[in-house]
Amino acid sequence: MATKKKSGSKKSSTKKRSSKKKSSSRRSSSSRSKSRGSSKKKSGSRRKYGPKAQQEVRTEMHHLKKGEHKNRKQAIAIGLSKARREGAKVPPRKEAA
């Protein structure tokens with residue numbers, strides 16, 4: 001019977017702990033929502049690739065694993081080049097400085 005009393009007291013203490021965790025998670029989520037709003041404004045300047053371009057790069061990465069390409073950069077370059085030819089949404093190439 002003594003063990004039942006101990007387990008009962010543990011349950012009540014865990015309830016108190018869980019309520020404290022909930023209140024702390026609420027505070028952190030409110031601060032996170034503020035930072036998310038500001039990051040949306042910055043995302044407009046990022047390069048964006050369409051789904052077709054992503055699929056082409058994914059295919060070329062598969063070819064890289066088979067050994068058809070020398071390295072990761074080559075596979076990405078070939079995938080984006082194929083996507084540009086097909087008219088997919090891909091940012092223009094960077095010009096050499």
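**Entry 1: E60 and H69**

I looked up E60 and found that its side chain is joined to that of H69 by a polar contact of 2.6 Å. A polar contact here is a pair of N or O atoms within 3.5 Å; within protein, one must be able to donate a hydrogen and the other to accept it, and residues adjacent in sequence count only if both atoms are side-chain atoms. I note that this is a predicted model, in which local features need pLDDT of at least 70 and side-chain atom pairs count only at pLDDT 80 or more, while totals for chains, interfaces and linings use all residues. Residues are numbered from 1 along each chain as its sequence is written, and side-chain values use heavy atoms, with hydrogens and water left out.

I placed E60 in helix α2; helices (H or I, at least four residues) and strands (E, at least two) are DSSP runs, numbered from the N terminus. Is E60 buried or exposed? E60 counts as buried because its relative accessibility is 2%. The cut-offs are under 20% relative accessible area for buried, over 50% for exposed, and partly exposed in between (1.4 Å probe, protein chains only).

I then listed the contacts of E60 (heavy atoms within 4.5 Å). Neighbours within four places in sequence aside, E60 touches H69, A75, I78, G79 and K82.

**Entry 2: salt bridges**

Side chains of opposite charge can pair when their charged atoms come close. I searched the whole structure for salt bridges and got three. The term stands for a side-chain nitrogen of Lys or Arg within 4 Å of a carboxyl oxygen of Asp or Glu.

K82 and E60 form one of them, at 2.8 Å from N to O. This pair links distant parts of the chain, with K82 in helix α3 and E60 in helix α2, 22 residues apart. K82 is partly exposed, at a relative accessible area of 31%.

Which residue forms a salt bridge with E56? The partner is K52, and the closest N and O atoms are 3.6 Å apart. Both residues lie in helix α2 (residues 51–66), four residues apart, about one turn of the helix. I found E56 buried, with a relative accessible area of 11%, whereas K52 counts as partly exposed at 41%.

K52 also forms a salt bridge with E86, where the closest N and O atoms are 3.5 Å apart. Here the pair spans distant parts of the chain: E86 belongs to helix α3 (residues 72–86) and K52 to helix α2, 34 residues apart.

**Entry 3: E86 and its surroundings**

I checked the exposure of E86, and its 48% relative accessibility is why it counts as partly exposed. With neighbours within four places in sequence left aside, E86 is in contact with K52 and E56. I also looked up a C-alpha separation: E86 and A53 are 33 residues apart along the chain, and their C-alpha atoms are separated by 9.1 Å.

**Entry 4: the core**

Next I looked for a nonpolar core (a set of buried Ala, Val, Leu, Ile, Met, Phe, Trp, Tyr and Cys residues joined through side-chain atoms within 4.5 Å). The largest has six residues, namely A53, V57, L80, A83, A88 and V90. Helices α2 and α3 each supply at least two residues of this core.

**Entry 5: the whole protein**

I counted three helices and zero strands, running α-α-α from the N terminus on. Of the 97 residues in the protein, 14% are buried. I noted that residues 24 or more positions apart account for 43% of the contacts with a separation of 6 or more. The protein exposes about 8800 Å², of which carbon and sulfur atoms supply 53%; the areas come from the Shrake-Rupley method with a 1.4 Å probe, and for residues only the protein chains shown count as cover.

**Entry 6: confidence**

Last, I looked up pLDDT, the predictor's confidence in each residue, from 0 to 100. The protein averages 74, and 53% of the residues score at least 70. Where is confidence lowest, and where is it highest? It is lowest in helix α1 (residues 2–42), at a mean of 53, and highest in α2, at 95. Where pLDDT is low, the predicted coordinates should not be read in detail.
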